[in-house]
Protein chains: 2
Amino acid sequence: MRVIKIGVLGLGTVGSGVVRLLRDHQAKISSITGCQLEIKTIVVHNLTKQRNVDLAGIELTDQFEKVLHDPEIEVVVEVMGTVDTAKKYVEQLLRAGKHIITANKDLIATYGAELAELARENGCDLFYEASVAGGIPILRTIVNSFAADRIVEVKGIVNGTTNYILTQMSQQQVSFAAALKAAQNLGFAEPDPTNDVEGIDAAYKMVILTQFAFGMNISMKQLKIGGISDVKLADIQQAKELGYNIKLLGIAKLIEDQVDVSVGPVLVPKDQPLAAVQNENNAVLVTGAAVGETMFYGPGAGELPTANSVLSDIIAVTKDIVLKTTGSRFNDFQRDLKQARPADVCYSYYFSLKVKDQPGQMLKITQAMSEAQASFHLIIQSELDDQHARIVMTTHQMSEAQRNQVVAAFGALKDVEVVAAYKVLPE
Amino acid sequence: MRVIKIGVLGLGTVGSGVVRLLRDHQAKISSITGCQLEIKTIVVHNLTKQRNVDLAGIELTDQFEKVLHDPEIEVVVEVMGTVDTAKKYVEQLLRAGKHIITANKDLIATYGAELAELARENGCDLFYEASVAGGIPILRTIVNSFAADRIVEVKGIVNGTTNYILTQMSQQQVSFAAALKAAQNLGFAEPDPTNDVEGIDAAYKMVILTQFAFGMNISMKQLKIGGISDVKLADIQQAKELGYNIKLLGIAKLIEDQVDVSVGPVLVPKDQPLAAVQNENNAVLVTGAAVGETMFYGPGAGELPTANSVLSDIIAVTKDIVLKTTGSRFNDFQRDLKQARPADVCYSYYFSLKVKDQPGQMLKITQAMSEAQASFHLIIQSELDDQHARIVMTTHQMSEAQRNQVVAAFGALKDVEVVAAYKVLPE
């Protein structure tokens, strides 16, 4: 039986999972691929660290060159998790003709296009299923199963930490700060949670999903990114009364021949499948012109789910090696699309304002809406404290340009604070 | 550009969808495959029937031989929907070296193993993504993305008609008969709904899913099949009060080294993703030892969703033709597994009994449970009419052998009628 030798860069959570899964499912993998897959060498930072995974027969080294210059190693799994070093290593490995599998979303979102080109030039595969929504095989599904369709929208809960926090706020009636702390205690949030709670991690994933769904290269700078650190329990409860769950959604949407991509808190009607995705789970809803709405749900992170996605990539590379078909892009679909203009991106909105309780306030607010030619669906005013009222509005559809105008006008009013301005998905 | 010519058998809903999609997305498909895909010939029963799809450049014939003997045609799409004729045709086509794509679940569930073998012998591809859950790419996902994992359970809502009926019963508070009639008026149910409402259609799909998930060939005769025609509104409401939705589920479950496959009404806890699948939608929940729970949701039928799955198969065949890699099985995973014994299959149950209201009834019922060493979780007795009471029980886990013993004992009691005996999924 043909033996394929694998190098691994990094032995953290995902790396350990790959070692474990490959060992446990050796027989099944051999029966499918006709090959024996063996991890030969793992490059780590710290050679003396205790590892809780069986490394029998595997060489541990802190020398990257041991993998780079080993002609026996055909496939390299990059699970280090930095960007700059990872990029340098991956480039060298591709030039040396080694196939690459990575779970590094930052790397792919930032340098995916040029690395894919380098891989193609060197006849190498470059796969990264695990980089988006850990255990959900969303990228390969888009490539294989939507090839004949025209995707019109991809929206998803692609960050488990924020979904866990929002679920806990909603179910346990606690503040963002309390829910974050609970998430940190359980290991669902990092000690420095910025990347997750400010929507940055979700945005990296949306860059990759946009590339797969629309064939369009978009950079992080072009994305509109909002997080959840400002989301108030009161708004979660208010939304619930109106029939919505607030979720941190990434949305990439085709608007005629343009694409709009954003990340932020969104009101999702309770009876829609995305609204039911709880805790640390992820889900991606793909709308095809032909197929309609399909949703892919599962764990967004974790050692074994993510390692499973890495292994499906390894199996795909192995099949390509055997069939001598390596070197074609993970995603072949490329198009020149522009970003949609704010005047063309239309949603309904949920506005929540903190207002000093004095006569004439509602008039000024309705004037601001009216000047932007925006219209209400409903207005709810309630007492906030002795001196302040809370005014919540849901609106009819308006463009992003109108939305920006309204928010700016609210913000300019004396004694009015804009607490929330979230998109509302249609029923 | 290389041209791949396609023959189609049948021009009903799915056939028309294939013609339409292939025409609409010509450019995208060419950019991905590097080939031009052209439907050359369509075999129909009735040449004079009016068709509401553009057939310019396509030959319509009632002669199957026109496709069989045409050396230009490399790929044939079978969407006729019978079993015996389809089998005969597919066999002849495979022997003639033509690759086959079919949406025919009855054919594949019944003759899949021998057709796959014949395809392999002739170096042909045989794909049937559309045969299970129409627009959801579940088969190829299992093949590609669970190859390195060990699937322990596949359960799903794989029949849209019954899910529509159950959703309407639950939401509109109507009887099975009324909901069926509404479904028929909307075209969601056939004039003769037997195949759908008795669980047969779902069972065909479970045969195929079992083959993909566990590598095990099981025949329809080996399946335990229940339908929904006996499901009462009262039980749907009672289940709802207890926190469950009743769904027609197919369940294929690994129990040590054996597999249990069944189709029937099941109580699903409301906060689980399958419980939220409404109306004619389908969903398949795959549990992997490594990856955990993942769910794939989408339209289970319909012209364009099903045609989209056929087209992803056509694209897969085309890639294989170009790469000269045709002839490998759709699903390579084969194992010898046995069916689980009733003593080893354990679930909690929901029993609903109609009981003549007289002293001593509850004693006899609890005796029947006790004799089978089965135990209650809760019992609810309510008045049904002047002379009858309704007794609803949920139980702790018991084996299927115990369940059968209890149901037989209840049935043997005078003045007791077993209205429902449904599985209950754990929270």
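## Two chains joined across an axis

In strand S12 of chain B, Phe296(B) is the bridge partner of Phe296(A). That pairing opens this briefing on a predicted model, where local features need pLDDT of at least 70, side-chain atom pairs count only at pLDDT 80 or more, and totals for chains, interfaces and linings use all residues. Residues are numbered from 1 along each chain as its sequence is written, chains are lettered from A and ligands numbered from 1 in the order in which they are written, and side-chain values use heavy atoms, with hydrogens and water left out.

- S12(A) and S12(B), each spanning residues 292-299, pair in the antiparallel sense over three bridges.
- Strands here are DSSP runs (E, at least two residues), as are helices (H or I, at least four), and both are numbered from the N terminus.
- Two strands count as paired if DSSP finds at least two bridges between them.

**The interface**

- Chain A and chain B each bring 39 residues to the contact, where contact means heavy atoms within 4.5 Å.
- Because 100% of the interface residues of chain A are also interface residues in chain B, the copies meet through the same surface.
- The area buried between the chains is about 3800 Å², with carbon and sulfur atoms giving 61% of it; buried area is the accessible area (1.4 Å probe) that two parts lose on being put together, summed over both.
- On the chain A side, Lys28(A), Ala148(A) and Tyr297(A) lose the most area to chain B, together 17% of what that side buries.
- How many salt bridges and polar contacts link the chains? The count is zero salt bridges, alongside 10 residue pairs in polar contact, both residues at pLDDT 80 or more.
- A polar contact is a pair of N or O atoms within 3.5 Å; within protein, one must be able to donate a hydrogen and the other to accept it, and residues adjacent in sequence count only if both atoms are side-chain atoms.
- Helix H2 (26-33), helix H6 (138-145), strand S12 (292-299) and helix H12 (303-323) of chain A each supply at least two residues of the side touching chain B.
- That side of chain A divides into 21 nonpolar, 11 polar and seven charged residues, with Ala, Val, Leu, Ile, Met, Phe, Trp, Tyr, Cys and Pro taken as nonpolar, Asp, Glu, Lys and Arg as charged, and the others, Gly among them, as polar.

**The parallel sheet**

- In chain A, six strands form an open sheet with parallel pairing, in the order S3-S2-S1-S4-S5-S6.
- Its edge strands, S3 (59-61) and S6 (126-127) of chain A, each pair on one side only.
- S4(A) (residues 73-78) and S5(A) (residues 99-102) are joined by four bridges, and Val76(A) stands opposite Ile100(A).

**Salt bridges**

- Over all chains the count is 42 salt bridges, each a side-chain nitrogen of Lys or Arg within 4 Å of a carboxyl oxygen of Asp or Glu.
- One of them joins the side chains of Asp260(A) and Lys224(A) (2.4 Å, N to O).
- This pair links distant parts of the chain, 36 residues apart: Asp260(A) lies in strand S10 (residues 258-269) and Lys224(A) in strand S8 (residues 224-225) of chain A.
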